[in-house]
Amino acid sequence: QPVQHLADYRPWPFGLTETRLDLTLAPRDTIVRAALDLAPRDASDPQDLVLDGGAGLRLQALRIDGQAPDPVHVTRTDEQLIIAAAALPHAPFTLETEVAIDPADNTAFEGLYLSGGMFCTQCEAEGFRHITFYPDRPDVMTTFRVTLRSALPVRLSNGNPVGDADGVAEWHDPWPKPAYLFALVAGDLVAVSDRFTTRSGRDVALNVWVRPGDQDRAGFAMESLIKSMRWDEDVYGREYDLDVFNIVAVDDFNMGAMENKGLNIFNSKLVLASPETATDTDYERIEAVIAHEYFHNWTGNRITCRDWFQLCLKEGLTVFRDQQFTSDMRSAAVKRIEDVQTLRARQFREDQGPLAHPPRPDRYEEINNFYTATVYEKGAEVIGMLKNLVGDDGYARALDLYFTRHDGDAATIEDWLTVFQDATGRDLTQFKRWYTDAGTPTLEMTEDWQDGTLTLTFAQSTPPTPGQPDKPARVIPIAVGLIGPNGDEVTPTRVLEMTEARQSFTFDGLGARPVVSVLRGFSAPVMLKRPLDDATRAFLLAHDTDPFARWEAGRELALSALTQGDAAQKAYIAAIGTLAADEGADPAFRALCLTLPGEEEIATRIAAGGATPDPDAIHATRSDLARRIALTHQDLLAGLYDAMTVPGAYSPDAQSAARRSLRIAALGLLSRIDGGDRAAVLFGIASNMTERMAALAVLVRLGRATSALQILSDEFGDNRLVMDKWFSVQVMAAPPEQAVAIARDLAAHRDFDWQNPNRFRALLGGLAANHAGFHAADGSGYDFTADWLIRMDAANPQIAARMSTAFEIWPRYDAPRRAHARNALERIATLAGLSRNTREMVSRMIA
Ligand code: B3K
Ligand code: ZN
């Protein structure tokens, strides 16, 4: 398939008014009968009917208005079925097809497949074409009627149930939708059920479907769904629009979850949770992803994307909405810091390497390669900036207009920006660059103080990215507050709008020179550089009223402690000691301040400064600093560790989780000097998985986890999700010099079911997350990963291509490492039969 270009978009030349599907499910020879009610858009200009669908579809019948067309008018290519215009009526007609497919052989988990005896589907982005011949593009929207035939007890599809008897279920979805939102499930499932009444009085049946035996771990998912439905009504005025909402948990799933209309399908790790098996982080993720998929009902389903270049229209907005939801359910300050950490670790990293692309790309070969941190997380940041610029009222008016104007549409980024322009009167021409230009801008700030006037001068620049050598200036909203020498805020937060490459802003009438708190709330996704001494950073860490800026001051101090000398370390250690002891502060915030930046983030920072990161040195320096913190503050940390227990039964709420996070932060630091004794005790007595996993990670790092690992596998050997953790922690937390050898041993373990995406990610993703281990100087981490990518590519291209991003920043390392990485990538690139997915990724990386 050639490169797809945004500029080549053309509407489909037919209208589609209804799709009827009839499936007889079987592991092999599932029969799919499809009837499509079509009409040419322009009868005076006859067009061929081009349907997507490749060699995997065994065509058994083809009829136009009940008649088989003359075979000379029918062509099949590797990826399409083409019926010549000459064989088509000039008026509305019905196309019927019948194909046979083999879900049991579908190891790519795209289209219709089997997972543990259950039939399920994944159609985004282009999976529907593996089920039947169809115009598989998001701008073709229609209603669906589906008949499912299967002896399995539960048979689900989109929309409302019409009937279910004698192994035949019928579903009708009245809301027009593109094929990527189609889904079906058939299996031996049980439901946790509840009901929800929408504010206009619609009574909705809610079900979370799981395998028998898993019901007691599905309650939290249901609670999260109900909270999401209420929140979307309260905050966005968006109601649910069907009589049922089904969620199904599936063990084999390529990503997190999928927003199919009325039938969300989830990776079981984002549904199932109990205190004994899931961590606080798992609970928070479940709540957020249930919300995300539910919110897609309006931002994604009712209003979808015109084409896949517009993917961030639905994903950026839906991430932004789920972030708002989590801030409302939990601590807004902590959530913002967590989101910035994720953005830096994943998106800034992506922007720094050969895979950098804008939130709205204008070319791709394989769209599944563009479900990235840039499309999702940066897509959400761009909306946050927009909201900053137009204000809360402007944002609310624009969103109302978006929903009224575009309900039922397949829309574009242009449509989205036009709504903001129309609702607020603001010209967004320059703002649009955030969507079309790749790269993380660097923002430099200098200060000048004279006679009561403070002048802040900012300079922005963005390094070149693939295909985009020149980067014009962008609009950057810079939230600034001023703090007086005594620690009081003298100027509350104000958003400066930078539009030039270089621009100054003044604050006058000031009595004494203030300390500048800048980029409050991380008001723009940029790398800020400002000359600031450690004492001033420590002052901000103590006094800033903006929690993000306060945390950021600590982060900057930590980075300076890691790269500068002894004095910087002393300043940092003293400052975080004060903060950790501050009983007035949220324990989760204190935990975030006590946690050192990760090795990956440190490497990204070093590379952004133009230097070459040395993974071994980063690892050693970071470990030393952690040890120094522990030595200096051992009494304080031991006190926190003992005090931050949570009495009573486990609860995943934010306050309890906050206390556990501070306790765990203290545990991690103390383990640098107590030999892991506390962790060994905690692993033995803790009854919740949060503390057990934290203790286990410490024990793995210290090489004393043998018996703990044994205990965990004896207890949970038959629980896939716990065993995924068991695999990943051993590699992720391993001493770097042993990580590859441990990964190799685990890959030979009888429970390493590599075709299961979660298990594969646990091991290979665990290694990629061990920065110094993956980047082992002898190239062994690269070779091991390449071997497995090659093997996985033959079974499941999406997973292989996704995991290949472990290499995405290879050019920033030293020459010997670069040579090893290039060899590994070239070994993959030259493979015969490589998938389009992995080929595109690897060729972009070695271009
Ligand atoms: N829209 C899906 C992701 C589909 C990924 C296709 N490779 C889940 C989500 O973002 O909500
Ligand atoms: Zn999404």
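Q: How many helices and strands are there in the protein chain?
A: Helices (H or I, at least four residues) and strands (E, at least two) are DSSP runs, numbered from the N terminus. In the protein chain there are 26 helices and 30 strands. This is a predicted model, in which local features need pLDDT of at least 70, side-chain atom pairs count only at pLDDT 80 or more, and totals for chains, interfaces and linings use all residues. Residues are numbered from 1 along each chain as its sequence is written, and chains are lettered from A and ligands numbered from 1 in the order in which they are written.

Q: Why does the radius of gyration of the protein chain agree with a compact globule?
A: The radius is taken over C-alpha atoms, and the globule rule is 2.2 Å times the number of residues to the power 0.38. For 847 residues the rule gives a value near 29 Å, and the protein chain has 28 Å, so the two agree. Its C-alpha atoms fill a box of roughly 85 × 65 × 60 Å along the principal axes.

Q: Which residues are around ligand 1?
A: A residue is near a molecule if its C-beta atom, placed from the backbone, lies within 6 Å of it. Around ligand 1 these include H292, E293, H296 and E315. Two or more residues each come from β19 (257-258) and α2 (280-295).

Q: What does UniProt place at residues 439-530?
A: The unreviewed entry gives "domain: Peptidase M1 alanyl aminopeptidase Ig-like fold" there; UniProt annotations may be inferred rather than shown by experiment.
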